[in-house]
Number of protein chains: 2
Amino acid sequence: MQGVRLTPTSYIVLGLLSWVAEATPYDLKRMVAGSVGNLWSVQHAQLYTEPERLAKAGYLTEDRERGGRRRRRYAITERGRAALREWISMPTDDFTELRDPGLLQLFFGADPAELASTQLHVHEEKLREYEEVRARGSSDAPAGPRLALEAGIGHEREWIRFWRRLAKG
Amino acid sequence: MQGVRLTPTSYIVLGLLSWVAEATPYDLKRMVAGSVGNLWSVQHAQLYTEPERLAKAGYLTEDRERGGRRRRRYAITERGRAALREWISMPTDDFTELRDPGLLQLFFGADPAELASTQLHVHEEKLREYEEVRARGSSDAPAGPRLALEAGIGHEREWIRFWRRLAKG
DNA sequence: ACCGTCATGTAATCGGTTACATGATTCT
DNA sequence: AGAATCATGTAACCGATTACATGACGGT
């Protein structure tokens, strides 16, 4: 029940658990892979440690299976929901830098054309992936993920524009 | 002289030191603030620890002032230059996820219009800042930083497009 | 003189990454 | 039956953030 600092990872766990009755770390891993992971990936090891932290702080309940694998199953508590709601309702004015490794290379003098050709492939591939996700998505999908996906697509397109310009001198 | 893993932070330090004869951590801090920092910021404390690591591994020389502040002055070695060159010449196929806190909130159900209005301000401000940097930049500035700045501007514009659409339902 | 801000640095903490391991399943 | 892959978990390490401190300097 100690106070803990809630990080983006915390909110990802809380957010996912707000959608389902309960989940094991492995369930979380799969959920991340299919959704938020595109925008903010999480190492699987963290999906073991983070819920544990959150449970200790009262945001989740932890329930260990008897027998068999003795999997841990987590469920969100009212306190967890409250924390999630509060975070969501307070629009952040943070934003992330690009922090793109390729761009860093460009910054420090990498050959634009060569770098661009590599990066173009990567981003075109990613764009295709996103568009496929979008195509598969049912129309009754929640708005949040859908909009986030749109953002992802927009930025991939921007990357492609950028690198394409560099590719041809 | 041990082997160390070179991180993006390492390359930022190496890259900056490849531009000047020598620099103190504080010099590095200022250099970062005015250039790469826009794309990949570094905490000032790391500009003390990272050069130390790099020096131990032979990528930099460390030289402590006698008397006065006893500042540490670092300079890149041939080995450091080689490492930098090698990294630059090998186009990475890595890329970064958006990892945008606002987008994460949107994903988990934040009110689009409200969030958008906050985020719009932030990104418009950032764009203005970038454009100012661009305007100030001399035309003989190195290509890398200039191109990286263009990328930054492009993405800020993309963010603005995105949030603007959400701002008005 | 005093205050605020810039300059400069160290230490502790901690989230996140990497590495390591073993149990189940599925496929040939 | 054996190989490969998926499922599931723990432990150690380490880079990065946060917090803490003091010195210099310009302005009122």
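In the predicted model, the side chains of Arg157(A) and Glu131(A) meet in a salt bridge at 2.7 Å, N to O, a salt bridge being a side-chain nitrogen of Lys or Arg within 4 Å of a carboxyl oxygen of Asp or Glu. This pair links distant parts of the chain: Arg157(A) lies in helix α7 (residues 143–167) of chain A and Glu131(A) in helix α6 of chain A, 26 residues apart. Helices (H or I, at least four residues) and strands (E, at least two) are DSSP runs, numbered from the N terminus. Residues are numbered from 1 along each chain as its sequence is written, and chains are lettered from A and ligands numbered from 1 in the order in which they are written. As the model is predicted, local features need pLDDT of at least 70, side-chain atom pairs count only at pLDDT 80 or more, and totals for chains, interfaces and linings use all residues; side-chain values use heavy atoms, with hydrogens and water left out.

Arg157(A) is partly exposed at 37% relative accessibility, and Glu131(A) is partly exposed at 29%. Buried denotes under 20% relative accessible area, exposed over 50%, and partly exposed the range in between (1.4 Å probe, protein chains only).

Glu131(A) also meets the side chain of Arg134(A) in a salt bridge (4.0 Å, N to O). Because Arg134(A) and Glu131(A) are three residues apart in helix α6 (residues 112–136) of chain A, about one helical turn separates them. Arg134(A) has a relative accessible area of 34% and is partly exposed. A network of salt bridges links Glu131(A), Arg134(A), Glu150(A) and Arg157(A).

In chain B, the side chains of Arg157(B) and Glu131(B) form a salt bridge at 2.7 Å, N to O. Here too the pair links distant parts of the chain, with Arg157(B) in helix α7 (residues 143–167) of chain B and Glu131(B) in helix α6 (residues 112–136) of chain B, 26 residues apart. Arg157(B) is partly exposed at 36% relative accessibility, as is Glu131(B) at 28%. Over all chains, a search of the whole structure finds 32 salt bridges.

Chain B is superposed on chain A by a rotation of 180° with 0.0 Å of shift along its axis (RMSD 0.0 Å). This is the relation of a two-fold axis. The superposition is by least squares on the C-alpha atoms of residues with pLDDT of at least 70 in both copies. Of the interface residues of chain B, 100% are also interface residues in chain A, so the copies meet through the same surface; contact means heavy atoms within 4.5 Å.
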